[in-house]
Amino acid sequence: MDGELLARYEAIVGTDVIDQLKQLAHHLQAARVVHVNSTRYGGGVAEILHSMVPLMQALGLNVRWEVISGEEDFFKVTKSIHNALQGHPVEFTEASVRVYEENNRREYEKLKEILEEADFVFIHDPQPAFLITLCPQRKGKWVWRCHIDLSRPYRPVWRYLRNIVSNYDASIFSMPDFTQPLPHPQYIIPPSIDPLTEKNMELPSDEVEGVFERFNLDANKPLVLQISRFDRFKDPLGVIRAGLMAMKFIPFQLVYAGGGAADDPEGEIIYHEVLAAAKDHPDIHILYLPPEAHRTVNALQRAADVVLQKSIREGFGLTVTEALWKGKPVIGGDTGGIRIQVVNHHTGFLVHTPEGAALRIRYLLFYKEKRLEMGRKAHQFVKENFLITRHLRDYLSLMLALISGNGERIEVEARS
Amino acid sequence: MSEEKTPENAVSFAVKDCALVSISTGVKAYILAELLEHLREVEVGCLYYHFWARQLRPSFDHPEFHNDFAAWAHRDLHDWILAERLNLIAPHEFRNLEELREELINIIEERVDESGDLPWRKAAAPFYFVKSQIIVLDTGKRVKEPQQLVEIVPTLSQGSIFYHFIDARRRTPDRIDDFRAWFQAFSPQYDDLAAELAAIDPYFLTLTEIREQLSLVFRRYFGVSK
C-alpha cells in the first residue's frame, strides 16, 4: 500500500474513512482491475481516473488504466453518439456504425489479453463500450460507467447502444434520474471532486487575494461568482440580469468566468451576447479562461463570497461541489445534480428565475453570519458525500457486491 | 447479530462496519396515483433504501423529512398534509418491511380519499424507486467490557455507527441499537446507561453527531474526561 498518498487523504477525510477503504480493499487484494476510456487528459472522466487509479493502487489493488485511441472520424462519431445520448438528434448512419466498431476492433487487439484476464473491467462512456462484444472469453465482471445524463436520449442511437451495453454485468449512473431501463443492475454512484488537485487544494492567501488585482476587481467589495462555460444551459444572461437586479439594493461585483468547449461553436456567440448584456457595467466582469486554468478557478472560488450556478439544465454540476467544498453557499438552478447538493437554507438556495437569484444574492450578502454558517455546512457536506474517497468506497462496495451475489445484505468475514 | 460468546462465556461485542450500494430499479412515479401503484409492487428493498439508508448515502444530513416519500410529497408534490403524515412514520416500529409498506399505503390512500385531484397532480420531479445492497464487514475488533466503548466509539466509521445504531433497530428483537442490546446481557448493571442511549434520537442527528453524542454519553457515564 502507498501509505504516503493515503496519509494525504487521511489528513483531510479522517482515519475512519481511510480505515474503511482499507477494510473494503482487503477483500479485493488479488483483483485485477482495468479502467478503459478514450482520453488521458481533459474532461471530467480523465480527471476522476487520474485520482481514482492511484488511490486504488495505493490500497493494494492491481489496477490498470487503458486509453483507446482513434482517428478523427472515430471521435466525430463518438461525439455524435455523446450528443445523441444527451438528447440531440444526430445523423447516425451505417458508416458511423462501421467506423465505431472497426476502431473498437483495432483497439481490442491491443488490449485483448488484459481484458480477458481482468477480474473487473470498467468501461467509461460509449467510446469503448463495444469492446465487450469482442471479448467472449472474458473471465471477470464488466461494468459500463455512464457519465452522461441518459434521461432523454435520441432514440435511434440509444437503441443501437443499448444492444451493446445490455451485455454488461452492471452499469453505473450518477443519479437515478439519468438511467434507462437495462437488463442488469444499474448502480447509482454520484461523481466526486479530489481535494488534492489544483482545482480544489488549499491555496496560499496571497494567491487567493491576488485575483482581485489580476482581474481588476475591488478587494473591498463582495464578490459573487459563476464559473461556467458560455452555454445557454448555464443561463449566463439570467446571471447578468440577476446581478443587475440585486445591485440596485446592495453593492457587490459579479464575475462570470468560463470558457467555451472546443467542440461548441455556439460558445463564442454566447460570450458576445453576455458581453453585450453586461453593458460595460463597472461591477460586472466577464472572464474568458483557458481550459487548464484550474488554479485560477480555485482562487476565484475561494475569493468569492457567494457562488452562483444558475443552470437551466445540468448534469451533476461538479462546479457546485467545488464551490461548496471551498465553504461558499451556492445559489443554484433547481435542476439535475444541483438539487441534491444545494439544500435551501443549509448549503445555499435553489432558484428558478433571475429574480429568485437576485433575492438570494441580496439575502446572502446582507446576512454575513448566515452566509458563513452555510459555508461551513457546505464544506462538511462535501467532505462527507462528494469527495473522491466516497466515490472510491462506492466502487469497492460495488465490486464486492458483484462477486457476492444479489442479496440485499452481504456479510463479509473479518480480515485474517 | 453483533454479539458472540467469548471462551470465558462472557458476551463480547463484535464491531462491524458497512457500506451501501444504491441500485436504480428503473421505476418512477410522476403522480401520487402512480406512486401508490408502484408501492404495492416494488421490492421491499426499496423501502429499506428510502426509509433507513438515507444517512448512509450521499444526501444532506439534516433532512427536514425522515424518509424519501415525505420529502417528495413536500418538495415535489407540494402536499404538506401528506408530507407531514408520512414524516411521522417510524420504520423501526414495524415488525418487517411488509408491515411498513402497508402503513405507507394506508396513509397515502387516506390522503387520496380526502383530496379529489391530488392523485393526478403532476409532481415537479418524479419519485425514483431505488433499492440498496448493504455490505457488512466484520472489522475483527471485539469489545469485552462496556467501558472500552469510551476508546472505541470515537474511532468508529460512519458505516459502523449506522450499522450499530440505526440498522440495528431493524435487526434486534427489541428493535433497539446494538449497544443497548449488548448491555441487556449485563442487566441490570448498565440499565441507566441504556436509558441515556435511548434518549438519543437518530432521526435528528447526522452520523457524525451520533458518534459525538455516543462518545459523550460513554465518557460521562464512565467518568472519563476528554
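Which residues does Leu137(B) touch, not counting residues up to four places away in sequence? To find out, select Leu137(B) in this predicted model, where the residue sits in strand S3 of chain B, a strand made of residues 127-143. Its contacts are Gln23(A), Leu24(A) and Val412(A) from chain A, together with Lys16(B), Asp17(B) and Cys18(B) from chain B. Keep Asp17(B) selected alongside Leu137(B): the two are 120 residues apart along the chain, yet 5.1 Å separates their C-alpha atoms. Leu137(B) counts as buried because 27 other C-beta atoms lie within 10 Å, and the cut-off for a buried residue is 20 or more.

Next, colour chain A by its two domains, taking residues 3-192 and 387-404 as domain 1 and residues 205-385 as domain 2. The C-alpha centres of these domains of chain A are 31 Å apart, and where they meet, ten residues of domain 1 are in contact with eight residues of domain 2. On the domain 1 side of that contact in chain A, five residues are nonpolar, two are polar and three are charged.

Finally, select helix H6 of chain A, residues 155-165, and show the side chains of its buried residues, which are Val157(A), Leu161(A) and Val165(A). Looking down the axis of H6(A), you will find these buried residues within an arc of 60°, so they line one face of the helix. They pack against helix H4 (72-85), strand S4 (141-145) and strand S5 (170-173) of chain A. Turn to the face of H6(A) that points away from the buried side, and the exposed residues there are Arg155(A), Pro156(A), Arg159(A) and Asn163(A).

Key
Residues are numbered from 1 along each chain as its sequence is written. Chains are lettered from A and ligands numbered from 1 in the order in which they are written. This is a predicted model: local features need pLDDT of at least 70, side-chain atom pairs count only at pLDDT 80 or more; totals for chains, interfaces and linings use all residues. Helices (H or I, at least four residues) and strands (E, at least two) are DSSP runs, numbered from the N terminus. A residue is buried if 20 or more other C-beta atoms lie within 10 Å of its own, exposed if 12 or fewer, and partly exposed in between; C-beta atoms are placed from the backbone. Two residues are in contact if their C-beta atoms, placed from the backbone, lie within 7 Å. Domain bounds come from an automatic or database domain assignment. Ala, Val, Leu, Ile, Met, Phe, Trp, Tyr, Cys and Pro count as nonpolar, Asp, Glu, Lys and Arg as charged, and the others, Gly among them, as polar. The arc is that of the directions from the helix axis to the C-beta atoms.
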